[in-house]
Amino acid sequence: MVQNLVSETLKKYGRIDFLVNNGGGQFLSSASDISSKGWDAVVETNLKGPFLLSKEVYNQWMKDHGGSIVNILMDFERGVPMMAHSGAARSGLDNLTKSLAIEWASDGIRVNAVAPGHSIYSETAAKNYPIDVFNIVKDNIPAKRLGLPEEVSSAVCFLLSPGSSFISGETLHVDAGGRLYTPLMVQIPDHEKLPPFENGNIVKSKF
C-alpha cells in the first residue's frame, strides 16, 4: 500500500521534494489498561507509519534527488501519563528523525521534527477526548493562551524551506515554552501580550 501510494504520487506529480509525516492517533488510558492490540495500533500509526513512508520516499525518489522530511511528534519529554503508548511511539520517532538525518545526509536529505505542545487547539482534537484537556493545560502555558494549527504549520513550512537549509536532526517545539514552565518556581500572571499570528495578522486570542 505504501509503495503504491508513493509510486502513484510520482506518476502524477513527477517528483517528491517534501514529506510531512503527520498521521497519528491515540486514546486516553492508564498504562495498566492498554491492551496489546491497542498498544500496537498506536505504535504502528505513530511510529511504524512514518518509518515506512520515509523509507519508501527515500528509495523511490529522495535517494537520488534529495529532499526534506518533517515528522510530527508531541510533547513527550516529561512523560505522557494516560497516553504512554503514544509517548513511547513519538519518542521513538524523535530518535528515528535523528538517525535518518545522519544516514541520509550524503543523499541531500534533511530530516527534522515539529513537536506541538498539548496546548494546540482544534475542534477535531477536542472531540477526541472525553474531558476538556485544553482548559486543563491552559494555565500552564507561558503565553496564557492556546495555540493554533496555523502556528504548527508555519514551523513545518520553515523546516521544509531553504531558510532551514543548515538544520537537520532537530525537533522544533511549538508550545510557547510550556514544557519549560514550572509554576512552583515562577508564576506567570494572566496576560494577552503574546497573541497568535494568523493569516498574516496579529489577532486577539480566541481562548
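Colleague: How much of the accessible surface of the chain belongs to carbon and sulfur atoms?

Modeller: Bear in mind first that this is a predicted model. The accessible surface of the chain comes to about 12,000 Å². Of that, the share belonging to carbon and sulfur atoms is 56%.

Colleague: And in what order do the elements of the chain run?

Modeller: The chain has six helices and six strands. Reading from the N terminus on, the order is α-β-α-β-α-β-α-α-α-β-β-β.

Colleague: What is the radius of gyration of the chain, and what does the globule rule give?

Modeller: Along its principal axes, the C-alpha trace spans about 50 × 45 × 30 Å. For 207 residues the globule rule gives 17 Å, and the chain comes close to that, so it is as compact as a globular protein of that length. Its own radius of gyration is 18 Å.

Colleague: What part of the contacts with a separation of 6 or more is between residues 24 or more positions apart?

Modeller: Let's start with burial: buried residues make up 39% of the 207 in the chain. As for the contacts with a separation of 6 or more, residues 24 or more positions apart account for 75%.

Colleague: Which residues have the most contacts inside the largest nonpolar core?

Modeller: In soluble globular proteins, nonpolar side chains tend to be buried together. Here the largest such core has 30 residues. H1, H2, H3, strand S3 (109-116) and H5 each supply at least two residues of this core. The residues with the most contacts inside it are Ile16, Met62, Ile69, Trp104, Ile109 and Val111.

Colleague: How many residues are in the second, separate core?

Modeller: Val70, Ile72, Ile120 and Val152 are included in that core. Its residue count is 10.

Colleague: Which residues does Ile16 touch, not counting those up to four places away in sequence?

Modeller: Ile16 is one of the residues with the most contacts inside the largest core. Leaving out residues up to four places away, its partners are Val6, Thr9, Leu10, Val57, Trp61, Met62 and Gly66.

Colleague: Is Val57 buried or exposed?

Modeller: Val57 sits in helix H2 (residues 36-65), and beyond its sequence neighbours it touches Val6, Ile16, Leu19 and Met62. Its C-alpha atom is 9.6 Å from that of Leu5, 52 residues apart along the chain. The relative accessible area of Val57 is 3%, and since the cut-off is under 20%, Val57 is buried.

Colleague: How far apart are the end C-alpha atoms of helix H1?

Modeller: Helix H1 covers residues 2-13, which is 12 residues. At 1.5 Å a residue it should span 16 Å, and the model agrees with that. The end C-alpha atoms are 17 Å apart.

Colleague: Which residue's side chain does Arg15 join in a polar contact of 3.0 Å?

Modeller: Arg15 is in the loop between H1 and strand S1 (18-21), and at 48% relative accessibility it counts as partly exposed. Leaving aside neighbours within four places, Arg15 is in contact with Leu10 and Trp61. The polar contact of 3.0 Å joins the side chain of Arg15 to that of Asp17.

Colleague: What is the relative accessibility of Thr97?

Modeller: Thr97 lies in helix H3 (residues 84-103). Leaving aside neighbours within four places, it is in contact with Asn71, Val111, Asn112, Ala113, Gly169 and Glu170. Thr97 counts as buried, at a relative accessibility of 0%.

Colleague: What phi does Lys144 have?

Modeller: Lys144 lies in the loop between H5 and H6 and counts as buried at 11% relative accessibility. Although Lys144 is not a glycine, its phi is positive, at about 60°.

Key. Residues numbered from 1 in each chain as written. Predicted model: local features only at pLDDT ≥ 70, side-chain atom pairs only at ≥ 80, totals over all residues. Heavy atoms only, no water. Helix = DSSP H or I, 4+ residues; strand = E, 2+ residues; numbered from the N terminus. Buried < 20%, exposed > 50% of the residue type's maximum accessible area, 1.4 Å probe, protein only. Contact = heavy atoms within 4.5 Å. Expected span 1.5 Å × (residues − 1). Core = buried A, V, L, I, M, F, W, Y, C linked by side-chain atoms within 4.5 Å. Rg over C-alpha atoms; globule rule 2.2 N^0.38 Å. Areas by Shrake-Rupley, 256 points an atom, 1.4 Å probe, with all protein chains shown as cover. Polar contact = N/O pair within 3.5 Å; in protein donor to acceptor, adjacent residues only side chain to side chain.
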